[in-house]
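Trainee: I would like to learn how to read a structure like this one. Can we go through it together?

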Amino acid sequence: MRALLSTGQRDRSRVVLTVLSGTLAAATVAGTGVATAFAAQETARSNADKARVKAASDAAAAKKQHDALVKWAKKNPVVVTKERKHKTVIKHVTLTLASSPGASTVGGGSTSSSSSSSSSSSSSSSSSSSSTTTRKKPVASRPAPPPPPPPPPSTGS
Amino acid sequence: MTTLTHEPATTATVDRESGASSWRALGTYVMLRTTPDAVQAATELAATVLDEVDVACSRFRDDSDLMRANAAAGTAVEVSRVLVGALRVALEAAAETDGLVDPLLGDVLRSAGYDRTFSLVPANDPTPTALPVRGGSWRQVVVTDTSVTVPPGAALDLGATGKAFAADLVALCIADTLDVPVLACVGGDIRLASPGDEPQDQPVLVGHSIADLEAGGPGTLVHLASGGLATSSVSARRWSRGGRQWHHLVDPRTNLPATGPWRTVTALGHTSAAANVASTASIVLGDAAYDWLVERQVAARLVDHDGTVTHTPAWTTSGIEENS
């Protein structure tokens, strides 16, 4: 019986068939991989979208609750008492002196202390000039005093 | 989350040779002048006193006594003796000026954007805002030895007299505790105190604002012997909100920044608080300030927006201004 294919043709056909089936197998594997990756990506995207929507919903609910709480708190102020150290350096007598009646009273002559303020200011100027002479007693053994600090400012603040 | 709305105090710079120290507290500058030997202890004592004032009187920290009283407006709130003292001074200032120096401007300033320490207030905030309104009157504030009741719909702000009261407290504490003469300056509000009320000779440089002095602006040297000195100026603490220019000296008759001819007013007083009441009221009074001051024999120096200086007779005769 005469063979349909010659030996050469059979060998070539076998090679071609092997190459084709190999290629098909590789293509199948690659295709499956791509499809799987695509599906995974879609799933991830879908999950991310769901998570985003849920987060937005949770945030809106939290803001709504916060706003409601703020609104309630405005209508129902609550005083929170905090325990503090009672140690103070401000003596009671000092505080009383600083806030005693008349502490805010303006006017040079309305209180004895304020009138003394003005008059003593004058004496300050005179004492300032006189002290210039008295302070100038040179003491040989005493080192020169340090320069006075710059005058503090009194400005709007 | 905690939002920082107040300015913490800084560490003091102490010059032990000259007896001078300086730092920042209550959102402003603080300076002391005393004897070299006592300056370190005086500075530490002053810093502690100012901490106590801050925790009692600050409008910029939620845990202060003042803010607790504001939050519970309409009900009596137990507060520290320091806030009680500060409020007594503030209410007396309001009575002295018929409400021109008003401690109930908290809501007005907050509405205008001054709701945090000034260094954190935006210089130019375009956000539109309605004209501030406020409820209550300073006459309705109730102060006992241990509690404060703020009228409903109102909020306290001690920006006018608070720093001056703090200067008084610092100076009196140091003179009493350390037995030394001292000059205390809190944001330009100055108080001298000494054992036995012995007069001192303390030079003070009077100007519009620290920024203006640092930029070479005019300064006038005065000499103080005792009592207090305070300067109020519309040049300081200025900001813009919703297209409206604001400064911190609000006219309680309009709930808007004080307008008038005076840029800066400096006044003497027997306390720093008294001096501050005179200088603040003068800015608010405007044209009527000179007569108001003369009638009360206040030694004051008024500078208008053109730089023209007016002295009251008491200022001139006091001779405290150094001729230059």
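Trainee: Is B:Asp168 buried or exposed?

Mentor: Start with the cut-offs: buried means under 20% relative accessible area, exposed means over 50%, and partly exposed lies in between (1.4 Å probe, protein chains only). B:Asp168 counts as buried, because its relative accessibility is 0%. Before we go on, note that this is a predicted model: local features need pLDDT of at least 70, side-chain atom pairs count only at pLDDT 80 or more, and totals for chains, interfaces and linings use all residues. Residues are numbered from 1 along each chain as its sequence is written, chains are lettered from A and ligands numbered from 1 in the order in which they are written, and side-chain values use heavy atoms, with hydrogens and water left out.

Trainee: Which residue forms a salt bridge with B:Asp168?

Mentor: First the general idea. Side chains of opposite charge can pair when their charged atoms come close. The rule here asks for a side-chain nitrogen of Lys or Arg within 4 Å of a carboxyl oxygen of Asp or Glu. B:Asp168 pairs in this way with B:Arg191, and their closest N and O atoms are 2.9 Å apart. The pair links distant parts of the chain: B:Asp168 sits in helix α5 of chain B and B:Arg191 in strand β9 (residues 189–193) of chain B, 23 residues apart. Helices (H or I, at least four residues) and strands (E, at least two) are DSSP runs, numbered from the N terminus. B:Arg191 is buried too, with a relative accessible area of 12%.

Trainee: Which parts does the salt bridge of B:Asp157 and B:Arg59 tie together?

Mentor: The closest N and O atoms of B:Asp157 and B:Arg59 are 2.8 Å apart. B:Asp157 lies in the loop between β7 (147–149) and α5 (162–178) of chain B, and B:Arg59 in the loop between α1 (39–57) and α2 (65–71) of chain B, so the pair ties together parts 98 residues apart in sequence. B:Asp157 is buried at 11% relative accessible area. B:Arg59 is buried at 9%.

Trainee: Where do A:Arg45 and A:Glu42 lie?

Mentor: Both are in helix α1 (residues 7–75) of chain A, 3 residues apart, about one turn of the helix. A:Arg45 counts as partly exposed, at 43% relative accessibility. A:Glu42 is partly exposed as well, at 32%.

Trainee: How many salt bridges cross the interface of chain B and chain A?

Mentor: The rule finds 1. B:Asp176 pairs with A:Lys91, with the closest N and O atoms 3.1 Å apart.

Trainee: How much area do chain B and chain A bury between them?

Mentor: The size of an interface is often given as the accessible area lost when the parts come together. That buried area (1.4 Å probe) is summed over both parts. Chain B and chain A bury about 4,800 Å² between them, 56% of it on carbon and sulfur atoms. B:Arg81, B:Glu92 and B:His270 supply 15% of the area that chain B buries against chain A, more than any other three residues. Contact, meaning heavy atoms within 4.5 Å, takes 80 residues from chain B and 49 residues from chain A.

Trainee: In which sense do strand β1 of chain A and β10(B) pair?

Mentor: Strands of a sheet pair through backbone hydrogen bonds, either parallel or antiparallel. Two strands pair if DSSP finds at least two bridges between them. Strand β1 (residues 153–156) of chain A and β10(B) pair in the parallel sense over 3 bridges. A:Gly156 has B:Ser209 as its bridge partner, and A:Pro153 has B:Leu205. β10(B) also pairs with strand β11 (residues 220–224) of chain B, in the antiparallel sense over 5 bridges. There, B:Pro203 is partnered by B:His223. Strand β10 (residues 202–209) of chain B is mostly covered, with 6 of its 8 residues buried.

Trainee: What is the order of the open sheet of 3 strands in chain B?

Mentor: The order is β5-β13-β14, with mixed pairing. The edge strands are β5 (124–125) and β14 (244–247) of chain B, each pairing on one side only. β5(B) runs parallel to strand β13 (residues 238–241) of chain B, joined by 2 bridges. B:Asn124 stands opposite B:Ser240 in β13(B).

Methods
Buried area = accessible area lost by both parts, 1.4 Å probe.
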